[in-house]
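Try each task before reading its solution.

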Amino acid sequence: MKQLLALALLAASAPALSADAKTEDGRQWLAGDHHVHSEWSVEWDRSTTPPTPIRGGDSSYSRSRNAAQAKAFGLRWMVHTDHGGPGHSMVTRDHAYPALLQAREDVPEVIQFNGMEFDVPAGEHASLIIAPGPDERDQLVTAERDYSRSEPLQGSRDTQQEMLAALGYLRGLQPQPLMLINHPSRTATGVGVWGKVTPEELRSWHAAAPQVLVGMEGAPGHQGIRSERGLYRNKGAPTFGGFDQMTAQVGGIWDQMLADGLRFWITASSDSHVNVRDGGRDYDPGEYSKTYAWARPEANDILDGLRNGRTFAVTGDLVDRVELSVGDGARSATLGESLPVSADGTLQIQLRVRQPKVPNANGDRPVLAMIELIVGGKDADGALKMQSRHFAASDWQREGEWISVRWTLPVPAQGGFVRARGNSTGERVALADVPGEDPWQDLWFHTNPVFVKILTR
């Protein structure tokens with residue numbers, strides 16, 4: 001009942017959210033979700049040859065229903081990402097795509113992308129997002145038919161070479177699609193003990209198509225199941241504050257990639273199949289997790305924001321606006337951008353965040369308890385070097401409806417990056433999630449980075 005009341009409050013406030021301030025180029029923070037399942041995530045009757053798809057086997061929700069829920073929870077964009085399977089490309093062509101067209105007609109307020117949860121050869125899963133256009137159906141059908149690991153009716157398609165071939169195909173499409181690796185550490189067996197997705201694979205996939213495979217879920221979906229948050233079932237490798245270990249650990253895999261200058265971003269998604277209200281383990285699109293993109297309310301600009309790191313990830317509506325500025329006194333840069341600086345200069349960091357004016361979907365008004373600014377890079381010997389500064393409420397300034405923190409420090413000698421995060425718990429380190437934990441009491445936001453580049457003389 002508490003969640004249903006919050007849903008009604010959110011729906012009533014939607015017009016005010018859509019009237020939020022815009023920049024001169026029309027860009028604004030647009031909340032979205034890139035990982036949502038529908039009735040076309042089918043199960044399979046394998047007693048037939050070929051296997052027969054069973055509609056609604058993995059989710060009973062229509063695409064129109066999912067889009068309506070996304071709208072109710074304040075989303076402006078979403079991606080429909082149903083599972084594949086043996087011969088599923090024909091389900092995509094004949095059923096899922098017509099359902100997308102219907103959903104766009106039924107819920108025009110939400111910009112909806114054609115996509116799928118791609119079965120990654122030599123990996124696990126990824127959200128594949130196709131750019132809208134006259135070829136959007138056929139591009140997705142071809143990607144699934146010719147490259148998805150689970151598509152073949154016979155034989156195997158599960159090698160690194162086949163994944164690189166898939167990325168080669170996607171790289172050649174115009175406009176280029178996007179791919180984000182889903183729940184990267186879900187099959188890990190320990191902290192730093194990787195499963196089906198390894199750091200080396202992330203790097204090689206990104207290198208093969210750097211404008212296509214641009215990131216990963218920092219916060220996986222399935223946050224509604226309290227016995228194993230995120231469906232991270234291996235006790236030695238849980239989520240940390242609802243975020244994947246690759247993201248949650250300062251100095252971890254994500255930071256190592258950023259320190260190498262890789263433009264590799266993080267997101268948060270629902271991975272919605274069946275809502276907890278209906279006996280499932282998930283939240284609806286936008287109900288708990290949101291990815292905000294700084295973009296115009298146009299499909300291509302939203303993709304541009306996702307592709308170029310103008311995004312932040314948040315759970316439980318802890319914050320709804322973020323401004324991260326990194327400067328040297330003469331120039332500045334923000335999320336996804338690079339700041340050229342002199343090695344002997346000073347780095348000036350400012351983070352401003354805003355908390356929502358209405359309760360979240362749980363009916364709560366969460367309190368921001370801790371903000372952390374994180375600076376990473378490498379030392380002269382090439383070793384990872386991390387610095388961070390924590391801010392409690394007594395350390396920050398109130399600027400109207402905004403919370404602001406600042407940090408001035410010497411420019412990292414080799415350059416690097418700046419990112420920010422915060423939480424509702426006051427924890428200075430993200431702690432491992434435990435069975436029974438209430439996800440609404442453990443909320444975080446993470447920004448994508450600003451890069452710092454040393455000017456050469």
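Before we start, a cut-off: a residue is called buried when its relative accessible area is under 20%, exposed when over 50%, and partly exposed in between. Keep in mind that this is a predicted model.

**Exercise 1. Find what arginine 27 pairs with, and work out which parts of the chain the pair ties together.**

Solution. 
- Step 1: Check the side chains. Arginine 27 and aspartate 301 make a salt bridge, at 2.9 Å from N to O.
- Step 2: Arginine 27 sits in the loop between helix H1 (2-18) and strand S1 (28-36), while aspartate 301 belongs to helix H9 (residues 299-307), so the pair links parts 274 residues apart in sequence.
- Step 3: Ask about burial. Arginine 27 and aspartate 301 are both buried.
- Step 4: Now try another pair, aspartate 433 and arginine 229, whose closest N and O atoms are 3.2 Å apart in a salt bridge. Aspartate 433 is in the loop between strand S20 (416-423) and strand S21 (444-447), and arginine 229 in the loop between strand S8 (213-219) and helix H7 (245-248), so this bridge ties together parts 204 residues apart in sequence. Aspartate 433 and arginine 229 are buried too.
- Step 5: Widen the view. Shared partners join Arg27, Arg296, Glu298, Asp301, Asp304 and Arg310 into one network of salt bridges. In total, the structure holds 36 salt bridges.

**Exercise 2. Is alanine 126 buried or exposed, and what does it touch?**

Solution. 
- Step 1: Locate alanine 126 in strand S6 (residues 125-130).
- Step 2: Read its accessibility. Alanine 126 is at 0% relative accessibility, so it counts as buried.
- Step 3: List contacts, skipping residues up to four places away in sequence. Among them are Met116, Phe118, Met179 and Ile181.
- Step 4: Follow phenylalanine 118. Its contacts beyond four places in sequence include Ala126, Leu128, Tyr147 and Met179.

**Exercise 3. Where is proline 132 found, and which residues is it in contact with?**

Solution. 
- Step 1: Proline 132 lies in the loop between S6 and helix H4 (136-147).
- Step 2: With a relative accessible area of 26%, proline 132 is partly exposed.
- Step 3: Beyond four places in sequence, proline 132 contacts Arg104, Phe113, Ala299, Asn300 and Leu303.

**Exercise 4. What lines the largest cavity?**

Solution. 
- Step 1: The structure has one cavity of 30 Å³ or more, and the largest cavity holds about 30 Å³ of space.
- Step 2: Its lining is Gly221, His222, Gln223, Ser269, Ser270, Tyr283, Tyr288 and Ser289.
- Step 3: Sorted by class, that lining has two nonpolar, six polar and no charged residues.

Key: Residues are numbered from 1 along each chain as its sequence is written. This is a predicted model: local features need pLDDT of at least 70, side-chain atom pairs count only at pLDDT 80 or more; totals for chains, interfaces and linings use all residues. Side-chain values use heavy atoms; hydrogens and water are left out. A salt bridge is a side-chain nitrogen of Lys or Arg within 4 Å of a carboxyl oxygen of Asp or Glu. Helices (H or I, at least four residues) and strands (E, at least two) are DSSP runs, numbered from the N terminus. Buried means under 20% relative accessible area, exposed over 50%, partly exposed in between (1.4 Å probe, protein chains only). On a 1 Å grid over the protein atoms alone, a cavity is a set of points where a 1.4 Å probe fits but cannot get out, and a pocket is an open set with protein on both sides within 12 Å along at least five of seven lines; lining residues have an atom within 4 Å of a point. Grid points are joined across faces, edges and corners, and a volume is the space filled by probe spheres set on the points. Ala, Val, Leu, Ile, Met, Phe, Trp, Tyr, Cys and Pro count as nonpolar, Asp, Glu, Lys and Arg as charged, and the others, Gly among them, as polar. Contact means heavy atoms within 4.5 Å.
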